[in-house]
Amino acid sequence: MRMSGARAVIECLKQEDVDIVFGYPGGAVLTLYDALYETQFPHILTRHEQGAVHAADGYARSTGKVGVCIATSGPGATNLITGIATAYMDSIPMVAITGQVAVSYIGRDSFQEADVTGITTPITKHNYLVKDVHDLARVFKEAFHIARTGRPGPVLIDIAKDVFAKEIDFHYPDTVNLRGYKPLFEGDSRVIAQVAEELAKAQRPLVFVGGGVNLADISPALSEFVEYTNIPVITSLMGLGCIPDRHPQNFGMVGMHGTYAANMATTHADLLIGLGVRFDDRVTGLVADFASKAKVIHFDIDPAEINKNIIANIRVVGDLKWSIPAMLTKVKERTADAWKALNPEWKAQLNEWREMNPLTYTPREGVVLPQQLIESVSQHADSDAVVVTDVGQHQMWASQFYEFRQPRTLLTSGGLGTMGYGLPAALGAQVGCPGRQILLFTGDGGFMMNCQELSALADLELPVKVFILNNQVLGMVAQWQRMFYNGHYSHSTLKGHTDFVKLAEAMGVTGLRVTQPQEVEGAIQKALAIKGPVVVDVRIPEDENVLPMVPAGGRLDQMIMGG
Amino acid sequence: MRHTLAVLVENRPGVLTHISGLISRRAFNIESIAAGYTEEPDTTRITVVVQADELELEQVVNQLSKLVDVIKITNLTETDSIQRELAMIKVKASSETRSDVVDIVDIFRAKIVDVNRETMVIELTGEETKIDALCEVLKDYGIIEIVRTGKVALSRGPIPAKNV
């Protein structure tokens, strides 16, 4: 079929089952936006390109589909950078489409020109610059294939402005031909048998669940595996929700702000089975002493993750969709009773650690504590509610005190730690999951970084519920300054006069305020009952710490306790 | 330890940026990198010499392999291979010193590819150590500039790197 490059882009999106895109128009993509107009292709207009890219990310994380965003050349494209890097660090499938100046203008420092493929090379799984309209269909086919297969990630397609206007006979290829890209699905099944043997021999085994399990959508098989073997489980931040928080074998999150039980278990385990984890420094603390008594078995789809941070004794390279069911089949060669009888002392020890040192906090008279607020929201929320966070103290409190019940219900920037991620990601999640509760926990710092998206929420009537844990400080920065910088609160105080209720109302969003503990329940119920978007400004004390804490580079079993 | 890697990549725009970007981002110790066309028009072959212990080498190979345009990586250090580098050296050579320089060139089986009143350009192909040795000797006469290609390598025997 004869059509313009811009129409071809729309056709490519349809062929890839893209049902909505997030974007912001500009000079280099005007022809593409004209095609969006003519075809009535669903498009969400955010208020900033960074909003568009985080929204595509939130959409992808909550649905498992590829998120798509569009920006113009130069500043439009550079505004995507933080969001692309965020998606890259957390392995989120995304296709970012950017306009580029016309072919004859490239390399001349033209108006709104930036070397976007150059800039994004280290933060994309792959990228393309399309200068010939005949390459469009192949490039889109490859880009979506690369974004969603193997270890997922963002792919950027930079398209010269004149390519959108050129005519072609559109034909979408059925297959991709990439000699250098053949992700391994099924690995070596002999290794699975070896893992089962190690598991049977181990006296203090531990399964460590990461974001890879969420991405592979393999939680049911994982649950069956851990229940059949009765093996204790810990998770990373990105692995929360893969096993319900209340599951008796789940000992919680490991790492800097992990539970006492999870950190002690890691330190004392003699077998650590990592499933889709990358042993980030926020998990390991001092690498030399991380799980130093344990044989490490590392399951990952990406061979480059093996031995990157932690040396693995056994590697299981392949898709968790293959390896976890294969493990399940293998362990079923023994009876469930035989597995359950193993290592009673270890299990008793873990239970004791958990019971003696639960996550807790000290209530204070007359003030709303962030942990209380999060627990209350958790009690009122639907079991399939999606929680989105920004980055900092509130993010850690949410990970500790919200009860995660299902996979893909925590959307958080774990790897890059992007402040400003929350509001636009929540917008994207609500677009992807209409009818589900989308709950954003944010801070007064992170919220301000992309608060313009309230305007988009209001226009689109997206009923995101925003809880601003407002302590008038950059909480995590202030906590570190309190603990490690002699209480020098250097530029971490936001003693501003920003009225978040008025800000919300000015953007067309309902605003509520909570200052007293007795107002908490009512405000949550009211917010959840309102049909549209709501901002709840919750005033919390400025000096509350996130605990327990392993100081950066410290040992996991040397936590600062309290709370 | 030094390793010589044969990296076969798609001959596409941006591929060298992707490779050099990755090397600098991951802080790998690369000693030389040399690229050129191959027997297949759509394939470029890059010879990378990397200084790395076993674990670092594994990371270099795995991270490079992740690049979509990288088709295959073969470690030629592990196989019997021929390794060569080409250098051109511009050295001072006046009428008094010229014959001495020519003698040295003969001993190294190098070639003189340009001569004028004051200088000569010498071309030498060989293993790195041989080029280093020639440079060392020529220092006494005054080296004006040197250009080296970086190492290229090919395995011995009938099997090409792409099929190893």
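In this structure, helix 3 and helix 5 of chain A cross in a right-handed manner; a crossing is called right-handed if the near helix is turned clockwise from the far one by less than a right angle, and left-handed if anticlockwise. This is a predicted model, in which local features need pLDDT of at least 70 and side-chain atom pairs count only at pLDDT 80 or more, while totals for chains, interfaces and linings use all residues. Residues are numbered from 1 along each chain as its sequence is written, and chains are lettered from A and ligands numbered from 1 in the order in which they are written.

**Chain A as a whole**
- Chain A contains 24 helices and 20 strands; helices (H or I, at least four residues) and strands (E, at least two) are DSSP runs, numbered from the N terminus.
- The radius of gyration of chain A, taken over C-alpha atoms, is 24 Å, close to the 24 Å that the globule rule gives for 563 residues, so chain A is as compact as a globular protein of that length. The globule rule is 2.2 Å times the number of residues to the power 0.38.
- The C-alpha trace of chain A spans about 70 × 60 × 40 Å along its principal axes.

**Helix 3 and its two partners**
- Helix 3 (residues 49-63) and helix 5 (residues 81-89) of chain A pack with their axes 8 Å apart, at an angle of about 20°. That makes helix 3 of chain A roughly parallel to helix 5 of chain A.
- Axes are lines fitted to C-alpha atoms, for helices over the stretch in contact, and angles run from 0 to 180 degrees between N-to-C directions. Angles under 35 degrees count as roughly parallel, over 145 as roughly antiparallel, 65 to 115 as roughly perpendicular and the rest as oblique.
- In the contact of these helices, Q50(A), V53(A), H54(A) and D57(A) of helix 3 meet residues of helix 5 including T82(A) and I84(A). The residues of this contact of helix 3 with helix 5 of chain A are 3 nonpolar, 5 polar and 1 charged.
- The axes of helix 3 and helix 19 (residues 422-432) of chain A come within 6 Å and cross at roughly 50°, which makes helix 3 of chain A oblique to helix 19 of chain A. This crossing of helix 3 and helix 19 of chain A is right-handed.
- The contact of helix 3 with helix 19 of chain A has 9 nonpolar, 7 polar and 1 charged residues. Ala, Val, Leu, Ile, Met, Phe, Trp, Tyr, Cys and Pro count as nonpolar, Asp, Glu, Lys and Arg as charged, and the others, Gly among them, as polar.

**Two open sheets in chain A**
- One open sheet has 6 strands in the order 3-2-4-5-7-6, with parallel pairing; its edge strands are strand 3 (43-45) and strand 6 (126-130) of chain A. Two strands pair if DSSP finds at least two bridges between them.
- Strand 5 (residues 94-100) and strand 7 (residues 154-160) of chain A pair in the parallel sense over 7 bridges, and M94(A) has P154(A) as its bridge partner in strand 7 of chain A.

**Contact between the chains**
- In all, 14 residues of chain A are in contact with 17 residues of chain B; two residues are in contact if their C-beta atoms, placed from the backbone, lie within 7 Å.
- The side of chain A that touches chain B has 6 nonpolar, 6 polar and 2 charged residues.
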